[in-house]
Amino acid sequence: MDSAQDPFIADELLKCSRCGYCLSTCPTYRVTRDERFVARGRNELVRQVCEGQMGVLEELRDPLFECLLCGACSETCFGSVSTDEIMVRAREAWHQEHGQPRVQCLIFDQLLPDPQRMTRLMRLLSMGKRSGLSELAHRLGALRMISPTLDKADGLAREMPRRFLRDRLPAMGFSREKRGGVPVWRRQPGLDEGASGPVVAYFIGCGTNYQLPAQGEAALRLLGMAGCELLVFDNCCCGLPPYSYGDRAAARRLISQNLATFAAVEFDYLVSECGSCSAFVKKWPSVIGTGPDGDIAASVAERTRDFTELLPDLPLPRPGATPSVRVTYHDPCHLVRSQCIVEQPRRLLSDVAGVEMLEMRESDWCCGGAGSYNLTHPELSEAILDRKMARVRESGADILATACPACVVQLSREESEHPPIPVLHVSEVICQSMGIEIERP
Ligand code: SF4
Ligand code: SF4
(Lines give C-alpha, C1' and ligand atoms only; values in the text may rest on other atoms or scores of the structure.)
(Ligands and ions follow the chains in the order given, each with its own letter.)
Protein backbone atom coordinates (compact mmCIF):
# COMPACT_ATOMS: atom_id res chain seq x y z
CA MET A 1 0.00 0.00 0.00
CA ASP A 2 1.54 3.24 -1.06
CA SER A 3 -0.25 6.55 -0.59
CA ALA A 4 2.22 8.19 -2.95
CA GLN A 5 0.93 5.90 -5.71
CA ASP A 6 -2.68 6.27 -4.65
CA PRO A 7 -3.41 9.94 -4.01
CA PHE A 8 -7.00 9.05 -3.16
CA ILE A 9 -5.88 7.15 -0.05
CA ALA A 10 -3.45 9.92 0.89
CA ASP A 11 -6.16 12.60 0.62
CA GLU A 12 -8.75 10.60 2.54
CA LEU A 13 -6.35 9.69 5.35
CA LEU A 14 -5.38 13.33 5.66
CA LYS A 15 -9.04 14.25 6.28
CA CYS A 16 -9.32 11.94 9.32
CA SER A 17 -8.83 14.07 12.45
CA ARG A 18 -9.11 10.98 14.72
CA CYS A 19 -12.03 12.65 16.49
CA GLY A 20 -13.83 9.35 17.10
CA TYR A 21 -17.35 10.43 16.08
CA CYS A 22 -17.52 7.28 13.95
CA LEU A 23 -17.47 5.17 17.13
CA SER A 24 -21.14 5.94 17.74
CA THR A 25 -22.48 4.50 14.48
CA CYS A 26 -20.05 1.80 13.32
CA PRO A 27 -21.93 -1.52 13.63
CA THR A 28 -18.75 -3.60 13.93
CA TYR A 29 -17.41 -1.37 16.71
CA ARG A 30 -20.73 -1.45 18.58
CA VAL A 31 -20.41 -5.24 18.72
CA THR A 32 -16.66 -5.67 19.28
CA ARG A 33 -15.78 -2.46 21.20
CA ASP A 34 -12.35 -2.89 19.62
CA GLU A 35 -10.61 0.18 18.16
CA ARG A 36 -9.29 -1.91 15.25
CA PHE A 37 -12.89 -2.42 14.10
CA VAL A 38 -13.99 1.19 13.64
CA ALA A 39 -13.17 3.72 10.92
CA ARG A 40 -10.68 5.63 13.08
CA GLY A 41 -8.72 2.49 13.96
CA ARG A 42 -8.92 0.99 10.48
CA ASN A 43 -7.69 4.21 8.90
CA GLU A 44 -4.88 4.46 11.43
CA LEU A 45 -3.66 0.98 10.47
CA VAL A 46 -3.71 1.91 6.78
CA ARG A 47 -1.84 5.12 7.60
CA GLN A 48 0.90 3.15 9.39
CA VAL A 49 1.29 0.89 6.37
CA CYS A 50 1.41 3.85 3.98
CA GLU A 51 4.04 5.57 6.13
CA GLY A 52 6.14 2.43 6.16
CA GLN A 53 5.78 1.82 9.91
CA MET A 54 4.60 -1.73 9.19
CA GLY A 55 4.08 -4.03 6.24
CA VAL A 56 0.80 -5.34 4.88
CA LEU A 57 0.69 -7.91 7.65
CA GLU A 58 -1.46 -11.02 7.61
CA GLU A 59 -2.90 -9.75 10.93
CA LEU A 60 -4.53 -6.86 9.09
CA ARG A 61 -6.99 -9.26 7.51
CA ASP A 62 -9.67 -8.98 10.21
CA PRO A 63 -9.71 -5.17 10.60
CA LEU A 64 -9.76 -4.73 6.82
CA PHE A 65 -12.17 -7.48 5.81
CA GLU A 66 -14.57 -7.22 8.74
CA CYS A 67 -15.62 -3.74 7.64
CA LEU A 68 -19.17 -3.94 6.27
CA LEU A 69 -18.52 -1.11 3.77
CA CYS A 70 -21.82 0.24 5.06
CA GLY A 71 -20.75 3.88 4.90
CA ALA A 72 -22.30 4.79 8.27
CA CYS A 73 -18.98 6.24 9.47
CA SER A 74 -18.70 8.61 6.49
CA GLU A 75 -22.16 9.94 7.24
CA THR A 76 -21.25 10.70 10.85
CA CYS A 77 -17.83 12.06 9.96
CA PHE A 78 -17.35 15.85 9.63
CA GLY A 79 -14.70 15.27 6.96
CA SER A 80 -16.82 12.60 5.21
CA VAL A 81 -13.79 10.31 5.12
CA SER A 82 -14.55 7.49 2.66
CA THR A 83 -13.42 4.66 4.91
CA ASP A 84 -15.32 2.11 2.82
CA GLU A 85 -13.37 3.08 -0.29
CA ILE A 86 -10.09 3.09 1.65
CA MET A 87 -10.92 -0.45 2.78
CA VAL A 88 -11.52 -1.64 -0.80
CA ARG A 89 -8.10 -0.39 -1.85
CA ALA A 90 -6.42 -1.72 1.28
CA ARG A 91 -7.98 -5.14 0.62
CA GLU A 92 -6.54 -5.04 -2.88
CA ALA A 93 -3.10 -4.41 -1.38
CA TRP A 94 -3.62 -7.22 1.12
CA HIS A 95 -4.45 -9.65 -1.69
CA GLN A 96 -1.36 -8.54 -3.62
CA GLU A 97 0.71 -9.48 -0.59
CA HIS A 98 -1.06 -12.64 0.57
CA GLY A 99 -3.07 -13.82 -2.45
CA GLN A 100 -6.80 -14.40 -2.88
CA PRO A 101 -8.48 -17.67 -1.85
CA ARG A 102 -8.69 -19.95 -4.89
CA VAL A 103 -12.43 -20.40 -4.61
CA GLN A 104 -12.85 -16.62 -4.66
CA CYS A 105 -10.75 -16.29 -7.84
CA LEU A 106 -12.77 -19.09 -9.40
CA ILE A 107 -16.06 -17.33 -8.61
CA PHE A 108 -14.89 -13.91 -9.81
CA ASP A 109 -13.06 -15.09 -12.95
CA GLN A 110 -14.98 -18.18 -14.08
CA LEU A 111 -18.51 -18.04 -12.71
CA LEU A 112 -19.68 -14.43 -12.50
CA PRO A 113 -18.70 -13.55 -16.10
CA ASP A 114 -20.47 -16.64 -17.46
CA PRO A 115 -24.23 -16.57 -16.70
CA GLN A 116 -24.77 -19.94 -18.41
CA ARG A 117 -22.18 -21.72 -16.30
CA MET A 118 -23.50 -19.94 -13.22
CA THR A 119 -27.05 -21.03 -14.05
CA ARG A 120 -26.01 -24.67 -14.46
CA LEU A 121 -24.33 -24.62 -11.07
CA MET A 122 -27.29 -22.92 -9.39
CA ARG A 123 -29.69 -25.47 -10.92
CA LEU A 124 -27.63 -28.25 -9.38
CA LEU A 125 -27.67 -26.51 -6.01
CA SER A 126 -31.40 -25.87 -6.27
CA MET A 127 -32.08 -29.52 -7.10
CA GLY A 128 -29.88 -30.62 -4.21
CA LYS A 129 -31.65 -28.27 -1.85
CA ARG A 130 -35.17 -29.25 -2.84
CA SER A 131 -34.47 -32.98 -2.91
CA GLY A 132 -32.93 -32.88 0.58
CA LEU A 133 -29.54 -34.04 -0.78
CA SER A 134 -27.71 -30.92 0.36
CA GLU A 135 -29.18 -31.30 3.86
CA LEU A 136 -27.83 -34.85 3.94
CA ALA A 137 -24.44 -33.71 2.64
CA HIS A 138 -24.41 -30.99 5.28
CA ARG A 139 -25.18 -33.46 8.05
CA LEU A 140 -22.49 -35.86 6.84
CA GLY A 141 -19.98 -33.00 6.66
CA ALA A 142 -19.44 -33.57 2.91
CA LEU A 143 -20.16 -29.94 1.98
CA ARG A 144 -17.70 -28.70 4.58
CA MET A 145 -15.05 -30.97 3.08
CA ILE A 146 -15.61 -29.46 -0.38
CA SER A 147 -15.67 -25.89 0.94
CA PRO A 148 -16.64 -24.41 4.34
CA THR A 149 -18.08 -21.41 2.47
CA LEU A 150 -20.31 -23.68 0.37
CA ASP A 151 -21.48 -25.37 3.55
CA LYS A 152 -22.39 -22.02 5.15
CA ALA A 153 -24.04 -20.79 1.95
CA ASP A 154 -26.20 -23.88 1.87
CA GLY A 155 -27.26 -23.22 5.46
CA LEU A 156 -28.20 -19.62 4.65
CA ALA A 157 -30.31 -20.51 1.60
CA ARG A 158 -33.24 -22.12 3.38
CA GLU A 159 -35.00 -22.74 0.11
CA MET A 160 -34.09 -22.25 -3.49
CA PRO A 161 -36.56 -21.51 -6.27
CA ARG A 162 -37.70 -24.14 -8.72
CA ARG A 163 -37.56 -21.58 -11.52
CA PHE A 164 -35.15 -18.64 -11.65
CA LEU A 165 -36.34 -15.20 -12.74
CA ARG A 166 -35.04 -15.64 -16.30
CA ASP A 167 -36.99 -18.90 -16.58
CA ARG A 168 -40.19 -17.03 -15.76
CA LEU A 169 -39.90 -14.35 -18.46
CA PRO A 170 -41.89 -16.16 -21.23
CA ALA A 171 -44.83 -16.72 -18.87
CA MET A 172 -44.73 -13.00 -18.05
CA GLY A 173 -45.24 -12.02 -21.69
CA PHE A 174 -41.58 -11.59 -22.73
CA SER A 175 -40.38 -12.81 -26.09
CA ARG A 176 -36.87 -13.23 -27.45
CA GLU A 177 -35.62 -10.88 -30.17
CA LYS A 178 -32.54 -8.99 -31.31
CA ARG A 179 -31.94 -5.29 -30.67
CA GLY A 180 -28.81 -3.65 -32.09
CA GLY A 181 -27.51 -7.16 -32.81
CA VAL A 182 -27.90 -8.12 -29.14
CA PRO A 183 -30.35 -10.80 -27.97
CA VAL A 184 -32.85 -9.43 -25.45
CA TRP A 185 -36.10 -10.42 -23.84
CA ARG A 186 -38.75 -7.81 -24.67
CA ARG A 187 -42.20 -7.17 -23.33
CA GLN A 188 -44.47 -4.62 -24.95
CA PRO A 189 -47.01 -3.16 -22.52
CA GLY A 190 -50.59 -4.22 -23.18
CA LEU A 191 -53.15 -1.61 -24.23
CA ASP A 192 -54.78 -1.77 -20.81
CA GLU A 193 -51.42 -0.93 -19.29
CA GLY A 194 -50.86 2.24 -21.28
CA ALA A 195 -48.33 2.01 -24.10
CA SER A 196 -46.56 5.33 -23.78
CA GLY A 197 -44.26 4.69 -20.83
CA PRO A 198 -40.47 4.75 -20.93
CA VAL A 199 -38.30 1.96 -22.34
CA VAL A 200 -36.79 0.28 -19.31
CA ALA A 201 -33.72 -1.97 -19.47
CA TYR A 202 -34.16 -4.18 -16.47
CA PHE A 203 -30.94 -5.38 -14.79
CA ILE A 204 -31.36 -8.81 -13.22
CA GLY A 205 -29.02 -9.17 -10.26
CA CYS A 206 -27.58 -12.59 -9.33
CA GLY A 207 -29.33 -12.66 -5.92
CA THR A 208 -32.67 -11.83 -7.50
CA ASN A 209 -32.34 -14.32 -10.34
CA TYR A 210 -31.10 -17.32 -8.41
CA GLN A 211 -32.45 -16.87 -4.93
CA LEU A 212 -35.31 -14.36 -4.76
CA PRO A 213 -36.98 -14.31 -8.20
CA ALA A 214 -40.34 -13.39 -6.65
CA GLN A 215 -39.17 -9.87 -5.86
CA GLY A 216 -37.88 -9.41 -9.42
CA GLU A 217 -41.08 -10.81 -10.90
CA ALA A 218 -43.11 -8.42 -8.72
CA ALA A 219 -41.00 -5.46 -9.85
CA LEU A 220 -41.30 -6.41 -13.53
CA ARG A 221 -45.07 -6.84 -13.27
CA LEU A 222 -45.46 -3.41 -11.65
CA LEU A 223 -43.23 -1.70 -14.22
CA GLY A 224 -45.29 -3.36 -16.97
CA MET A 225 -48.55 -2.20 -15.36
CA ALA A 226 -47.12 1.32 -15.22
CA GLY A 227 -46.79 1.27 -19.02
CA CYS A 228 -43.07 0.59 -19.42
CA GLU A 229 -41.72 -1.27 -22.41
CA LEU A 230 -39.37 -3.78 -20.77
CA LEU A 231 -36.08 -5.12 -22.07
CA VAL A 232 -34.15 -7.78 -20.19
CA PHE A 233 -30.54 -8.32 -21.26
CA ASP A 234 -28.27 -11.32 -20.82
CA ASN A 235 -26.27 -9.27 -18.34
CA CYS A 236 -23.68 -10.79 -16.05
CA CYS A 237 -22.94 -9.80 -12.44
CA CYS A 238 -22.68 -6.02 -11.95
CA GLY A 239 -19.18 -6.41 -10.46
CA LEU A 240 -19.95 -5.42 -6.89
CA PRO A 241 -18.82 -8.71 -5.24
CA PRO A 242 -15.24 -8.64 -6.59
CA TYR A 243 -15.07 -4.89 -6.03
CA SER A 244 -16.04 -5.28 -2.37
CA TYR A 245 -13.39 -7.94 -1.87
CA GLY A 246 -10.78 -5.63 -3.34
CA ASP A 247 -10.50 -7.32 -6.74
CA ARG A 248 -11.04 -4.17 -8.78
CA ALA A 249 -9.59 -5.75 -11.93
CA ALA A 250 -12.25 -8.51 -11.90
CA ALA A 251 -14.94 -5.89 -11.26
CA ARG A 252 -13.77 -3.86 -14.26
CA ARG A 253 -13.88 -6.92 -16.51
CA LEU A 254 -17.50 -7.59 -15.51
CA ILE A 255 -18.44 -3.95 -16.03
CA SER A 256 -16.86 -3.91 -19.51
CA GLN A 257 -18.69 -7.10 -20.44
CA ASN A 258 -21.99 -5.52 -19.40
CA LEU A 259 -21.24 -2.23 -21.13
CA ALA A 260 -20.67 -4.04 -24.45
CA THR A 261 -24.26 -5.29 -24.16
CA PHE A 262 -25.93 -2.12 -22.92
CA ALA A 263 -24.16 0.17 -25.39
CA ALA A 264 -25.80 -1.61 -28.34
CA VAL A 265 -29.41 -0.92 -27.38
CA GLU A 266 -31.43 2.25 -26.82
CA PHE A 267 -33.39 2.64 -23.62
CA ASP A 268 -34.56 5.44 -21.32
CA TYR A 269 -33.72 3.92 -17.96
CA LEU A 270 -31.71 1.03 -16.60
CA VAL A 271 -33.60 -0.25 -13.55
CA SER A 272 -32.94 -2.84 -10.89
CA GLU A 273 -34.94 -3.73 -7.82
CA CYS A 274 -31.68 -4.88 -6.19
CA GLY A 275 -30.46 -1.82 -4.29
CA SER A 276 -26.88 -3.08 -4.41
CA CYS A 277 -26.90 -3.52 -8.21
CA SER A 278 -28.51 -0.13 -8.87
CA ALA A 279 -26.03 1.56 -6.52
CA PHE A 280 -23.03 -0.12 -8.11
CA VAL A 281 -24.12 0.57 -11.70
CA LYS A 282 -24.28 4.26 -10.71
CA LYS A 283 -20.70 3.87 -9.49
CA TRP A 284 -19.44 2.20 -12.70
CA PRO A 285 -17.88 5.41 -14.14
CA SER A 286 -15.63 5.91 -11.12
CA VAL A 287 -14.59 2.23 -11.15
CA ILE A 288 -13.95 1.94 -14.89
CA GLY A 289 -12.13 5.30 -15.23
CA THR A 290 -11.69 7.31 -18.41
CA GLY A 291 -11.60 6.08 -22.01
CA PRO A 292 -14.32 4.80 -24.37
CA ASP A 293 -15.77 2.47 -21.72
CA GLY A 294 -15.80 5.41 -19.31
CA ASP A 295 -18.08 7.41 -21.59
CA ILE A 296 -20.49 4.50 -22.01
CA ALA A 297 -20.44 3.84 -18.26
CA ALA A 298 -21.27 7.50 -17.59
CA SER A 299 -24.17 7.40 -20.04
CA VAL A 300 -25.56 4.17 -18.51
CA ALA A 301 -25.06 5.37 -14.92
CA GLU A 302 -26.86 8.64 -15.64
CA ARG A 303 -29.94 6.71 -16.80
CA THR A 304 -29.86 4.20 -13.93
CA ARG A 305 -32.63 4.26 -11.33
CA ASP A 306 -33.39 1.97 -8.46
CA PHE A 307 -36.86 0.42 -8.84
CA THR A 308 -38.07 2.28 -5.72
CA GLU A 309 -36.76 5.52 -7.21
CA LEU A 310 -38.48 5.24 -10.60
CA LEU A 311 -41.83 3.67 -9.69
CA PRO A 312 -43.21 6.68 -7.72
CA ASP A 313 -42.87 8.76 -10.92
CA LEU A 314 -44.91 6.31 -13.03
CA PRO A 315 -48.70 6.02 -13.22
CA LEU A 316 -49.92 3.03 -11.23
CA PRO A 317 -53.48 2.19 -10.24
CA ARG A 318 -53.95 2.79 -6.52
CA PRO A 319 -55.51 -0.17 -4.72
CA GLY A 320 -57.89 0.28 -1.84
CA ALA A 321 -56.13 1.09 1.43
CA THR A 322 -55.04 -1.93 3.46
CA PRO A 323 -54.18 -0.23 6.77
CA SER A 324 -54.79 -3.42 8.70
CA VAL A 325 -51.34 -4.56 7.51
CA ARG A 326 -48.58 -2.95 9.55
CA VAL A 327 -45.21 -2.68 7.83
CA THR A 328 -41.82 -1.44 8.95
CA TYR A 329 -39.02 -0.67 6.51
CA HIS A 330 -35.30 -1.48 6.74
CA ASP A 331 -33.10 0.92 4.73
CA PRO A 332 -30.45 -1.03 2.76
CA CYS A 333 -27.08 0.76 2.99
CA HIS A 334 -26.88 0.81 -0.81
CA LEU A 335 -30.13 2.76 -0.98
CA VAL A 336 -30.05 5.08 1.99
CA ARG A 337 -26.40 6.11 1.80
CA SER A 338 -25.12 5.19 -1.66
CA GLN A 339 -28.19 6.60 -3.46
CA CYS A 340 -29.87 8.84 -0.84
CA ILE A 341 -33.15 6.96 -1.39
CA VAL A 342 -35.14 7.33 1.80
CA GLU A 343 -38.64 8.67 1.20
CA GLN A 344 -39.56 6.86 -2.02
CA PRO A 345 -39.85 3.27 -0.69
CA ARG A 346 -41.84 4.53 2.30
CA ARG A 347 -44.15 6.48 -0.01
CA LEU A 348 -44.66 3.39 -2.17
CA LEU A 349 -45.59 1.36 0.89
CA SER A 350 -48.00 3.88 2.40
CA ASP A 351 -49.48 5.47 -0.75
CA VAL A 352 -49.38 2.66 -3.30
CA ALA A 353 -49.63 -0.46 -1.13
CA GLY A 354 -51.82 1.43 1.33
CA VAL A 355 -50.34 -0.26 4.40
CA GLU A 356 -49.83 1.30 7.82
CA MET A 357 -46.19 2.30 8.12
CA LEU A 358 -44.47 1.90 11.47
CA GLU A 359 -40.98 3.39 11.70
CA MET A 360 -38.38 1.39 13.58
CA ARG A 361 -35.44 2.93 15.42
CA GLU A 362 -32.10 2.68 13.60
CA SER A 363 -33.84 1.70 10.37
CA ASP A 364 -30.70 2.75 8.47
CA TRP A 365 -28.27 0.61 10.48
CA CYS A 366 -26.69 -2.17 8.46
CA CYS A 367 -28.35 -5.56 9.04
CA GLY A 368 -25.02 -7.41 8.79
CA GLY A 369 -25.83 -8.96 5.39
CA ALA A 370 -23.43 -6.81 3.34
CA GLY A 371 -23.33 -9.07 0.29
CA SER A 372 -21.80 -12.32 1.49
CA TYR A 373 -20.58 -10.93 4.84
CA ASN A 374 -22.87 -13.39 6.62
CA LEU A 375 -20.87 -16.20 4.98
CA THR A 376 -17.42 -14.86 5.66
CA HIS A 377 -18.04 -13.45 9.15
CA PRO A 378 -21.03 -15.39 10.51
CA GLU A 379 -20.64 -14.57 14.23
CA LEU A 380 -20.19 -10.83 13.79
CA SER A 381 -22.95 -10.76 11.21
CA GLU A 382 -25.33 -12.52 13.58
CA ALA A 383 -24.54 -10.15 16.46
CA ILE A 384 -25.28 -7.16 14.18
CA LEU A 385 -28.49 -8.84 13.05
CA ASP A 386 -29.62 -9.37 16.66
CA ARG A 387 -29.62 -5.63 17.26
CA LYS A 388 -31.56 -5.02 14.04
CA MET A 389 -34.20 -7.66 14.79
CA ALA A 390 -34.73 -6.25 18.29
CA ARG A 391 -35.59 -2.93 16.63
CA VAL A 392 -37.91 -4.67 14.18
CA ARG A 393 -39.84 -6.39 16.98
CA GLU A 394 -39.98 -3.15 18.96
CA SER A 395 -41.80 -1.52 16.00
CA GLY A 396 -44.78 -3.89 16.34
CA ALA A 397 -44.97 -4.47 12.57
CA ASP A 398 -46.43 -7.61 10.95
CA ILE A 399 -44.20 -7.41 7.86
CA LEU A 400 -40.62 -6.25 7.41
CA ALA A 401 -40.09 -4.60 4.03
CA THR A 402 -36.78 -3.76 2.41
CA ALA A 403 -35.33 -3.29 -1.06
CA CYS A 404 -32.25 -5.43 -1.54
CA PRO A 405 -31.95 -9.24 -1.84
CA ALA A 406 -28.86 -9.38 0.41
CA CYS A 407 -30.89 -7.72 3.18
CA VAL A 408 -33.89 -10.02 2.59
CA VAL A 409 -31.66 -13.11 2.96
CA GLN A 410 -29.99 -11.77 6.09
CA LEU A 411 -33.17 -10.51 7.78
CA SER A 412 -34.91 -13.84 7.10
CA ARG A 413 -32.22 -15.92 8.79
CA GLU A 414 -32.93 -15.12 12.42
CA GLU A 415 -33.21 -18.28 14.44
CA SER A 416 -34.59 -17.44 17.84
CA GLU A 417 -37.42 -18.03 20.23
CA HIS A 418 -39.33 -15.18 18.58
CA PRO A 419 -41.95 -15.93 15.93
CA PRO A 420 -40.45 -15.17 12.51
CA ILE A 421 -41.62 -12.03 10.74
CA PRO A 422 -42.19 -12.21 6.96
CA VAL A 423 -39.50 -10.28 5.10
CA LEU A 424 -40.56 -8.93 1.70
CA HIS A 425 -39.23 -6.61 -0.95
CA VAL A 426 -41.27 -3.42 -1.40
CA SER A 427 -42.33 -4.73 -4.83
CA GLU A 428 -43.84 -7.84 -3.22
CA VAL A 429 -45.75 -5.83 -0.60
CA ILE A 430 -47.31 -3.73 -3.38
CA CYS A 431 -48.23 -6.81 -5.44
CA GLN A 432 -49.79 -8.44 -2.37
CA SER A 433 -51.90 -5.35 -1.75
CA MET A 434 -53.09 -5.44 -5.38
CA GLY A 435 -53.89 -9.15 -5.24
CA ILE A 436 -51.25 -9.95 -7.89
CA GLU A 437 -50.10 -13.55 -7.50
CA ILE A 438 -46.36 -14.18 -7.73
CA GLU A 439 -44.82 -17.65 -8.00
CA ARG A 440 -42.82 -18.57 -4.91
CA PRO A 441 -40.42 -19.65 -3.67
S1 SF4 B 1 -13.15 8.67 10.25
FE2 SF4 B 1 -14.16 10.67 10.53
S3 SF4 B 1 -15.39 10.45 12.39
FE4 SF4 B 1 -13.89 8.76 12.40
S5 SF4 B 1 -12.13 9.53 13.56
FE6 SF4 B 1 -11.71 9.99 11.39
S7 SF4 B 1 -12.51 12.09 11.12
FE8 SF4 B 1 -13.43 11.32 13.03
S1 SF4 C 1 -18.00 1.32 6.65
FE2 SF4 C 1 -19.41 0.61 8.31
S3 SF4 C 1 -18.36 -1.14 9.26
FE4 SF4 C 1 -16.81 -0.06 8.02
S5 SF4 C 1 -15.81 1.37 9.45
FE6 SF4 C 1 -17.49 2.50 8.49
S7 SF4 C 1 -19.27 2.26 9.83
FE8 SF4 C 1 -17.74 0.70 10.43
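These legends walk through several close-up views of a predicted model.

Figure 1. Let us start with the overall picture before moving in. Of the 441 residues in the protein, 54% are buried. Contacts between residues at least 6 apart in sequence can also be sorted by how far apart along the chain their partners lie: 76% of them join residues at least 24 apart.

**Figure 2. The surroundings of ligand 1**. Here we visit the shell of residues around the ligand. A run of neighbours in the list comes from Cys16, Ser17, Arg18, Cys19, Gly20, Tyr21 and Cys22. The shell also takes in Ala39, Arg40, Asn43 and Cys77. Sorted by class, six residues of this shell are nonpolar, three are polar and two are charged.

**Figure 3. Arginine 18, a residue in a loop with a positive phi**. This view stays with one member of the shell around ligand 1, Arg18. Arginine 18 sits in the loop that runs between α1 (7-15) and α2 (27-32). Its phi is positive, at about 60°, although arginine 18 is not a glycine. Is arginine 18 buried or partly exposed? Its relative accessibility is 43%, so arginine 18 counts as partly exposed.

**Figure 4. Leucine 69, in the loop between α4 and α5**. Here is another residue to look at for its backbone. The loop that holds leucine 69 lies between α4 (61-65) and α5 (72-76). Leucine 69 has a positive phi, near 55°, in a residue other than glycine. With a relative accessibility of 18%, leucine 69 counts as buried, because the cut-off for buried is under 20% relative accessible area.

**Figure 5. Helices α3 and α6, packed at an angle of about 40°**. Now for a pair of helices. Helix α3 covers residues 39-50 and helix α6 covers residues 83-98, and their axes are 10 Å apart. The two helices are therefore oblique to each other, and their crossing is left-handed. On the α3 side, the contact is made by Ala39, Arg42, Asn43 and Val46. Facing them from α6 are Thr83, Ile86, Met87 and Ala90. The residues of this contact divide into five nonpolar, two polar and one charged.

**Figure 6. Helices α14 and α25, crossing at roughly 65°**. The axes of α14 (residues 213-225) and α25 (residues 426-434) come within 8 Å. Their crossing is left-handed. From α14, the contact is made by Ala214, Gln215, Ala218, Ala219, Leu222 and Met225. From α25 come Ser427, Glu428, Ile430, Cys431 and Met434. Grouped by class, the contact of α14 with α25 has eight nonpolar residues, two polar and one charged.

**Figure 7. Glutamate 229 and its contacts**. Glutamate 229 belongs to strand β4, which covers residues 229-233. How accessible is this residue, and which residues does it touch? Glutamate 229 is buried, with a relative accessible area of 13%. Leaving aside residues up to four places away in sequence, glutamate 229 touches Arg179, Arg186, Arg187 and Gln188, along with Pro189, Pro198, Val199 and Val200. Phenylalanine 267 is 38 residues away along the chain, and its C-alpha atom is separated from that of glutamate 229 by 9.3 Å.

Terms used: Residues numbered from 1 in each chain as written. Chains lettered and ligands numbered in written order. Predicted model: local features only at pLDDT ≥ 70, side-chain atom pairs only at ≥ 80, totals over all residues. Heavy atoms only, no water. Axes fitted to C-alpha atoms, helices over the stretch in contact; angles between N-to-C directions. Helix = DSSP H or I, 4+ residues; strand = E, 2+ residues; numbered from the N terminus. Parallel < 35°, antiparallel > 145°, perpendicular 65-115°, else oblique. Left-handed = near helix turned anticlockwise from the far one by under 90°. Contact = heavy atoms within 4.5 Å. Nonpolar A, V, L, I, M, F, W, Y, C, P; charged D, E, K, R; others polar. Near = heavy atom within 4 Å. Buried < 20%, exposed > 50% of the residue type's maximum accessible area, 1.4 Å probe, protein only.
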